[in-house]
Amino acid sequence: MALFRRHRAIAALALAAALATACGSPAQDTAKATGTQDSVDAALKAGGSITYWTWTPSAKAQVAAFEQEYPNVKVNLVNAGTGKDQYTKLQNAIKAGSGGPDVVQIEYQALPQFALPGSLVDLNQYGFGAFQKDYTASTWSSVTVGNALFGLPQDSGPMALFYNKEDFDKYGIAVPKTWDEYLDAAKKLHAADPTKFITSDTGDPGFTTSMIWQAGGHPFSTDGRNVKINLNDQGAQKWTKVWDQLVQGKLLSTVKGWSDDWYRELGDGTIATLVTGAWMPGVFKSSVTAGSGKWAVAPMPTYDGQPVSAENGGSAQSVLKQSSNPALAAAFVRWLNHGNGIKPFIASGGFPSTTADLNSPAFLNAADPYFGGQQVNQVLTAASGAVAKGWSYLPYQLYANTIFVDTVGKSYLDGTAIGGGLKAWQASLVDYGNQQGFTVSAG
Amino acid sequence: MTSTVGPPRIRVGAVRARGRRGWIFVAPFAVVFALTFLAPLVYAFGLSLFRDQAFFGGTVFVGLGNYTQALADANFWDAFLRVLLFLAVQVPIMLLMALIAAFAIDSARLHAAGFFRMVIFLPYAVPGVVAVLMWGFIYGDHFGLAADLNHLLGQDAVQPLSANWILTSIGNIVTWEFVGYNMLIFYSALKVVPPDQIEAAAIDGAGTLRTIVSVKLPAIRGAIVVATIFSIIGSFQLFNEPNILRSLAPNVITTYFTPNMYAYNLSFAGQQYNYSATVAIVMGVITAIIAYAVQLRGQRKER
Amino acid sequence: MTSVLRPRRSRTLTAVMALYLLYTLIPLAWLVISATKTQPDLLSTPGLSFGGVFALFDNIGQTFTYDNGIFLRWLGNTLLYVVVGAGGATVLATAAGYGLAKYRFRGRQAVFAVVLGAIAVPGTALAVPTFLLFSRLGLIDTPLAVIIPSLISPFGLYLIWVYAVDAIPDEMMEAARIDGAGEIRIFLAVTLRQLAPGIVTVALFAVVATWNNYFLPLIMLSDPNWYPLTVGLNQWNAQAIGAAAQPVYHLVITGSVLTIIPLVIAFLFLQRFWQSGLAAGSVKQ
């Protein structure tokens with residue numbers, strides 16, 4: 001019977017644990033807290049050790065440079081997984097109340113999800129709010145929720161049109177300036193060579209939200225506990241009108257993005273364009289070597305010919321509430337994204353968020369041999385200034401992205417109008433939000 | 001029986017006392033099992049009685065509220081029926097293939113039996129990450145073998161990653177992985193069949209097939225029952241293979257494709273730990289009932 | 001002379017089985033061929049043909065040196081988890097399966113029901129509760145978080161249980177008792193030999209299961225220095241996604257081939273014991 005006594009004891013322990021965590025941290029409405037950078041400077045002087053979770057490849061060089069500059073600070077660099085894997089671990093550590101890092105990389109789309117329940121430190125208390133003028137408007141607004149500042153932006157992804165010049169020249173297609181021209185180009189290319197496609201898309205939540213963003217849509221807005229969702233606003237309608245024609249006309253490659261086959265199709269000319277974030281050149285250069293010299297960059301097509309862009313991807317560094325030395329963690333974040341950490345980041349091919357770096361002549365005028373000597377940053381920096389204003393992600397965007405496949409993905413699969421999928425997506429998101437304590441209204 | 005000392009009479013009480021010593025052998029397993037399986041399970045059961053809001057509001061005791069919700073959840077039943085269909089078709093095929101392979105290798109009529117034994121087992125050793133890349137190559141209708149096959153046949157005849165084919169494609173991967181696994185269970189069970197029984201059949205003039213049917217098959221019934229039970233549990237918990245194919249077959253595999261994927265996504269994507277635990281427990285109860293029924297049936301036949 | 005015990009080898013049977021072998025081998029052939037290609041060749045040449053350069057050795061070198069040779073560290077971790085985890089699982093399952101098969105005590109049937117009931121609940125849904133429990137015990141991000149759950153092989157328990165019922169005659173245990181052997185000595189000296197084929201099978205399954213253990217280490221570990229190979233390879237594979245993507249498919253593939261090789265060696269090694277088990281069986285009585 002020893003077994004049963006033992007397991008009753010464990011059961012009691014388990015239940016106690018369940019109750020303890022069940023009554024865990026409720027969300028707090030963060031009041032605006034302002035302070036100065038003095039405590040950060042003091043922490044830096046005092047030294048200590050912090051843990052930093054990131055999957056960005058430039059981190060190694062950055063940490064080495066930081067430790068050289070501040071020998072009394074030890075940064076324990078941990079790659080806890082890419083994107084979703086890291087968030088799972090972060091979520092678990094937050095729920096367990098310990099085991100998380102001091103500083104963590106979080107993508108802009110995921111930031112509200114961790115900020116809102118009160119898991120991140122408001123950096124206004126260290127006076128970082130003063131840095132606002134140094135960042136592009138879109139990245140700064142991505143790290144602010146309400147009046148609070150939950151991180152400093154590192155990379156950004158203003159969107160542009162990457163196109164395979166070889167394909168365009170061969171079939172005499174002009175580089176599209178509007179989405180109508182883009183549609184024509186898609187038809188012309190596929191007719192000329194049925195193995196080629198204007199781009200690949202199998203339904204991707206990050207791409208979809210960015211496209212709605214560019215079209216002027218504001219499908220999500222959050223004010224405290226109140227959330228509004230409208231995935232059928234004018235922006236969404238503008239985008240689906242174009243994209244439905246591409247999907248239903250079978251003008252898109254159905255290869256899954258980021259798969260080995262996708263990289264292959266980028267290299268061999270099967271995929272003729274990519275509408276994506278400004279971080280893409282780094283990926284091209286390291287991983288699509290077969291495409292070297294063939295690709296070029298142009299502004300993202302628009303609906304009326306006037307330049308407008310949106311952000312796609314990009315991430316910030318935040319300080320976790322769990323941190324036992326938040327001031328030192330904040331000091332590291334400041335160094336990373338508002339100090340000497342930016343240089344090694346750019347050197348490794350990153351696309352920064354700070355306007356001074358984006359507009360420096362060295363950055364703007366660099367001729368890139370991969371793109372046939374084109375000064376691609378001219379186009380990309382211009383895009384960062386043209387990002388449509390007023391966008392925000394859902395406070396549960398990671399969940400939304402996961403169930404995207406069940407709803408909008410189904411439209412892609414069945415070849416039905418994307419609007420129908422967006423409607424189903426919205427319905428699921430309204431239900432979920434209401435269950436999690438928000439008051440969600442569909443607009 | 002070479003003992004020179006006469007056997008003492010053993011009292012019934014002594015037998016029972018000795019029986020209790022069986023716990024010496026079971027206890028270490030039981031303790032670790034309690035820590036790693038039972039404690040989380042009890043914890044999960046506790047969770048299933050509450051409803052916790054991930055962002056605002058707190059935890060509410062809802063009794064069996066989550067259970068009534070699960071039983072009326074269309075997504076859950078959609079997933080359940082899918083794995084039921086999968087189980088009904090795939091498990092018999094896989095176990096039959098494994099049995100045939102085990103008998104063939106055990107029969108001593110096969111050239112290079114040791115080689116066969118190892119190669120057939122090998123797929124079980126392939127890690128999941130690689131399985132994605134491998135099956136991406138086999139199933140790919142852009143550059144893969146499926147593309148080559150379609151090229152040969154003319155038009156898109158084979159589309160392993162399309163909605164109509166996907167369950168078959170998953171079944172194929174599971175079969176590929178687990179035939180060798182089950183084959184080894186049967187094979188090692190055949191190895192512990194007392195040889196005198198087989199000799200006796202040989203003396204009676206039974207051929208290979210008759211020996212299999214009348215001696216070997218009954219002798220490994222226990223192993224067949226265990227393999228069946230574990231295959232049933234495995235099918236009900238189907239997760240890895242569809243999850244792997246998700247990265248190849250966009251949109252075809254929903255977040256509630258199988259009950260286990262549903263529970264996983266509720267928990268990891270939606271932070272709906274309470275409801276996720278409920279779905280897992282409901283699924284566990286159904287699975288245990290079916291597995292237990294198979295076990296009882298297997299035992300009855302043995303008698 | 002052909003009999004059931006010493007039959008003639010059959011070409012037909014071998015041919016039929018060879019067909020099955022082909023089915024088994026095609027995906028693996030792709031894997032091995034791909035391991036000989038460079039990353040650009042991997043993305044530009046057909047799957048079952050070799051690339052322009054035979055880069056196998058170069059790939060192996062890169063796999064072992066990439067990211068400061070972290071692959072070796074992962075290999076070492078995996079070996080640790082396998083030796084302690086799978087070794088322990090085999091011991092625990094063998095002892096418990098034997099105890100359940102050969103002793104009559106109260107609660108014996110309950111053990112069966114409880115174990116069956118517990119494993120019927122999908123483990124992925126229990127991951128969060130397990131994580132929170134282990135976090136309370138301070139086990140997160142330590143090797144123990146991987147090893148302790150690996151110690152349990154319910155399947156091994158059942159397998160030994162059903163094997164032991166038939167393979168160990170009660171008379172043999174009685175005889176040993178009359179010789180004055182204690183229960184533990186009987187287990188060690190008499191029954192282990194009888195059960196050898198079953199134990200080897202359970203050991204093999206436990207080794208492979210621990211070697212390929214992915215989900216639990218992924219949840220329990222955040223420090224790559226404690227990753228097993230599977231989680232590490234997955235991380236390399238995930239590098240292909242998103243901003244700052246750095247796909248290293250050639251290393252993932254070569255790493256996988258290198259991951260399978262030790263399992264093949266383990267198989268070849270353990271294979272000998274099926275034969276010896278058979279021999280042990282045939283001398284009995």
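Which residues of β14(A) lie on one side and which on the other, and are they buried or exposed? Residues are numbered from 1 along each chain as its sequence is written, while chains are lettered from A and ligands numbered from 1 in the order in which they are written. The model is predicted, and local features therefore need pLDDT of at least 70, side-chain atom pairs count only at pLDDT 80 or more, and totals for chains, interfaces and linings use all residues.

The predictor assigns the complex an ipTM of 0.85 and a pTM of 0.89. In terms of pLDDT, the predictor's confidence in each residue on a scale from 0 to 100, chain A has a mean of 91, with 92% of its residues reaching 70 or more. Within chain A, however, the pLDDT is below 50 over residues 1-32, a stretch with 53 contacts in the model beyond near neighbours in sequence, two residues being in contact if their C-beta atoms, placed from the backbone, lie within 7 Å. For chain C the mean pLDDT is 86, and 93% of the residues reach 70 or more.

Chain A contains 19 helices and 15 strands, where helices (H or I, at least four residues) and strands (E, at least two) are DSSP runs numbered from the N terminus. Its C-alpha atoms fill a box of roughly 75 × 55 × 45 Å along the principal axes.

The domain assignment divides chain A into domain 1 (30-156 + 313-358) and domain 2 (159-310 + 374-442), with bounds that come from an automatic or database domain assignment. The C-alpha centres of these two domains of chain A lie 28 Å apart, and 17 residues of domain 1 are in contact with 18 residues of domain 2. On the domain 1 side of this contact in chain A, α5 (111-115) and α6 (137-143) each supply at least two residues.

Between chains, 42 residues of chain A are in contact with 38 residues of chain B. The side of chain A that touches chain B draws at least two residues from each of α1 (2-22), α4 (84-96), α11 (260-267) and α18 (397-414), and α1(A) gives the most, with 11 residues.

Strand β14 (residues 315-319) of chain A is largely enclosed by the rest of the structure, because 5 of its 5 residues are buried. In a regular strand the side chains alternate between the two faces of the sheet. In β14(A) both faces are covered, with Ser315(A), Gln317(A) and Val319(A) buried on one side and Ala316(A) and Ser318(A) buried on the other. Strand β3 (residues 103-107) of chain A runs antiparallel to β14(A) and is joined to it by 5 bridges, pairing requiring that DSSP finds at least two bridges between two strands; here Val104(A) has Ser318(A) as its bridge partner. Strand β6 (residues 152-155) of chain A is likewise antiparallel to β14(A), through 3 bridges, and Pro153(A) is partnered by Ala316(A).

Terms used
A residue is buried if 20 or more other C-beta atoms lie within 10 Å of its own, exposed if 12 or fewer, and partly exposed in between; C-beta atoms are placed from the backbone.
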